[in-house]
Amino acid sequence: MFIVILLVCWVIPVFVAFLPLITVAKDHASRIRPKYPRNYTSNSPPIGLKAAKTVAIVVGVYILFQTPYNVVQIITVLDKKLSLELRKLHVIEWLFYYSSWNSVASPVIYGFFDKNLRNAVTALFRRRRRFGTPV
(Lines give C-alpha, C1' and ligand atoms only; values in the text may rest on other atoms or scores of the structure.)
Protein backbone atom coordinates (compact mmCIF):
# COMPACT_ATOMS: atom_id res chain seq x y z
CA MET A 1 0.00 0.00 0.00
CA PHE A 2 2.78 2.38 0.95
CA ILE A 3 4.62 1.78 -2.33
CA VAL A 4 1.49 2.52 -4.34
CA ILE A 5 0.94 5.78 -2.45
CA LEU A 6 4.61 6.69 -2.89
CA LEU A 7 4.40 6.03 -6.63
CA VAL A 8 1.17 7.95 -7.10
CA CYS A 9 2.06 10.90 -4.86
CA TRP A 10 5.75 11.30 -5.56
CA VAL A 11 7.60 9.27 -8.17
CA ILE A 12 5.14 9.57 -11.07
CA PRO A 13 4.57 13.34 -10.62
CA VAL A 14 8.32 13.98 -10.49
CA PHE A 15 8.96 12.14 -13.73
CA VAL A 16 5.93 13.73 -15.39
CA ALA A 17 7.19 17.16 -14.32
CA PHE A 18 10.75 16.58 -15.52
CA LEU A 19 9.88 14.89 -18.82
CA PRO A 20 9.12 18.23 -20.54
CA LEU A 21 12.38 19.60 -19.13
CA ILE A 22 14.34 16.79 -20.74
CA THR A 23 12.61 17.27 -24.11
CA VAL A 24 13.26 21.03 -23.98
CA ALA A 25 16.93 20.37 -23.16
CA LYS A 26 17.26 18.03 -26.14
CA ASP A 27 15.50 20.52 -28.41
CA HIS A 28 17.72 23.34 -27.19
CA ALA A 29 20.82 21.23 -27.71
CA SER A 30 19.79 20.43 -31.28
CA ARG A 31 19.26 24.14 -32.00
CA ILE A 32 22.65 25.23 -30.69
CA ARG A 33 24.57 22.28 -32.10
CA PRO A 34 27.48 23.49 -34.21
CA LYS A 35 27.10 23.04 -37.93
CA TYR A 36 30.04 20.69 -38.39
CA PRO A 37 30.11 18.11 -41.14
CA ARG A 38 29.26 14.53 -40.24
CA ASN A 39 32.87 13.38 -40.52
CA TYR A 40 34.11 16.03 -38.06
CA THR A 41 35.93 14.38 -35.16
CA SER A 42 36.24 15.93 -31.75
CA ASN A 43 37.33 14.74 -28.34
CA SER A 44 34.34 16.33 -26.58
CA PRO A 45 30.99 14.54 -26.44
CA PRO A 46 28.06 15.94 -28.46
CA ILE A 47 26.15 18.85 -26.95
CA GLY A 48 22.93 16.83 -26.76
CA LEU A 49 24.68 14.19 -24.69
CA LYS A 50 26.09 16.83 -22.36
CA ALA A 51 22.68 18.45 -21.91
CA ALA A 52 20.97 15.10 -21.26
CA LYS A 53 23.69 14.13 -18.79
CA THR A 54 23.36 17.42 -16.91
CA VAL A 55 19.59 17.17 -16.74
CA ALA A 56 19.79 13.55 -15.57
CA ILE A 57 22.22 14.49 -12.80
CA VAL A 58 20.10 17.45 -11.69
CA VAL A 59 16.98 15.27 -11.60
CA GLY A 60 18.87 12.55 -9.71
CA VAL A 61 20.12 15.03 -7.12
CA TYR A 62 16.62 16.48 -6.79
CA ILE A 63 15.20 13.03 -6.15
CA LEU A 64 18.03 12.23 -3.73
CA PHE A 65 17.38 15.33 -1.64
CA GLN A 66 13.58 15.49 -1.83
CA THR A 67 12.53 11.85 -1.52
CA PRO A 68 13.30 11.29 2.19
CA TYR A 69 11.28 14.33 3.26
CA ASN A 70 8.32 13.42 1.05
CA VAL A 71 8.36 9.78 2.18
CA VAL A 72 8.25 10.91 5.80
CA GLN A 73 5.38 13.26 4.99
CA ILE A 74 3.43 10.37 3.48
CA ILE A 75 4.24 8.21 6.53
CA THR A 76 2.98 10.93 8.89
CA VAL A 77 -0.35 10.95 7.08
CA LEU A 78 -0.67 7.17 7.19
CA ASP A 79 0.64 6.39 10.69
CA LYS A 80 -0.11 8.84 13.51
CA LYS A 81 1.92 6.93 16.14
CA LEU A 82 5.03 6.96 14.02
CA SER A 83 4.38 10.60 13.20
CA LEU A 84 4.51 11.51 16.90
CA GLU A 85 7.77 9.61 17.33
CA LEU A 86 9.30 11.35 14.34
CA ARG A 87 8.24 14.74 15.70
CA LYS A 88 9.83 13.96 19.08
CA LEU A 89 13.12 13.18 17.38
CA HIS A 90 12.87 16.26 15.12
CA VAL A 91 13.29 14.03 12.07
CA ILE A 92 10.86 16.05 9.98
CA GLU A 93 12.74 19.29 10.63
CA TRP A 94 16.09 17.72 9.77
CA LEU A 95 14.73 16.22 6.58
CA PHE A 96 13.24 19.58 5.64
CA TYR A 97 16.68 21.18 5.98
CA TYR A 98 18.21 18.27 4.06
CA SER A 99 15.73 18.75 1.22
CA SER A 100 16.56 22.45 1.13
CA TRP A 101 20.12 21.57 0.08
CA ASN A 102 18.75 20.81 -3.37
CA SER A 103 18.61 24.57 -3.89
CA VAL A 104 22.34 24.70 -3.19
CA ALA A 105 23.25 21.63 -5.24
CA SER A 106 21.56 22.59 -8.52
CA PRO A 107 23.57 25.76 -9.22
CA VAL A 108 26.77 23.93 -8.26
CA ILE A 109 25.95 21.12 -10.69
CA TYR A 110 25.10 23.51 -13.51
CA GLY A 111 28.27 25.44 -12.78
CA PHE A 112 30.35 22.29 -12.82
CA PHE A 113 29.04 21.26 -16.23
CA ASP A 114 29.08 24.72 -17.86
CA LYS A 115 32.57 25.44 -19.13
CA ASN A 116 31.89 29.16 -19.66
CA LEU A 117 30.73 29.60 -16.07
CA ARG A 118 33.71 27.65 -14.75
CA ASN A 119 36.08 29.86 -16.71
CA ALA A 120 34.34 33.02 -15.50
CA VAL A 121 34.54 31.94 -11.84
CA THR A 122 38.20 30.97 -12.10
CA ALA A 123 38.96 34.29 -13.84
CA LEU A 124 37.15 36.09 -11.05
CA PHE A 125 39.25 34.41 -8.37
CA ARG A 126 42.46 34.96 -10.33
CA ARG A 127 41.65 38.65 -10.62
CA ARG A 128 40.95 38.83 -6.90
CA ARG A 129 44.24 37.15 -6.05
CA ARG A 130 46.19 39.32 -8.47
CA PHE A 131 44.84 42.62 -7.17
CA GLY A 132 44.43 41.53 -3.56
CA THR A 133 41.05 43.22 -3.23
CA PRO A 134 37.75 41.69 -2.26
CA VAL A 135 35.17 41.28 -4.97
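Predicted model: local features only at pLDDT ≥ 70, side-chain atom pairs only at ≥ 80, totals over all residues.
Helices, as the term is used in these legends, are DSSP runs of H or I with at least four residues, and they are numbered from the N terminus.

View 1. Among contacts in the chain between residues at least 6 apart in sequence, 65% join residues that are at least 24 apart.

**View 2. The surface and the buried fraction of the chain.** The accessible surface of the chain comes to about 10,500 Å², and 67% of this area belongs to carbon and sulfur atoms. Of the 135 residues of the chain, 22% count as buried.

**View 3. The largest nonpolar core.** Six residues, namely W10, V14, F18, A25, V55 and V59, make up the largest nonpolar core of the chain. The elements that contribute two or more residues to this core are α1, which spans 2-32, and α2, which spans 47-78, and of the elements α1 gives the most, with 4 residues. In soluble globular proteins, nonpolar side chains tend to be buried together.

**View 4. The surroundings of V55.** When residues up to four places away in sequence are not counted, V55, a member of the largest nonpolar core, touches L21, I22 and A25.

Conventions. Residues numbered from 1 in each chain as written. Heavy atoms only, no water. Core = buried A, V, L, I, M, F, W, Y, C linked by side-chain atoms within 4.5 Å. Buried < 20%, exposed > 50% of the residue type's maximum accessible area, 1.4 Å probe, protein only. Contact = heavy atoms within 4.5 Å. Areas by Shrake-Rupley, 256 points an atom, 1.4 Å probe, with all protein chains shown as cover.
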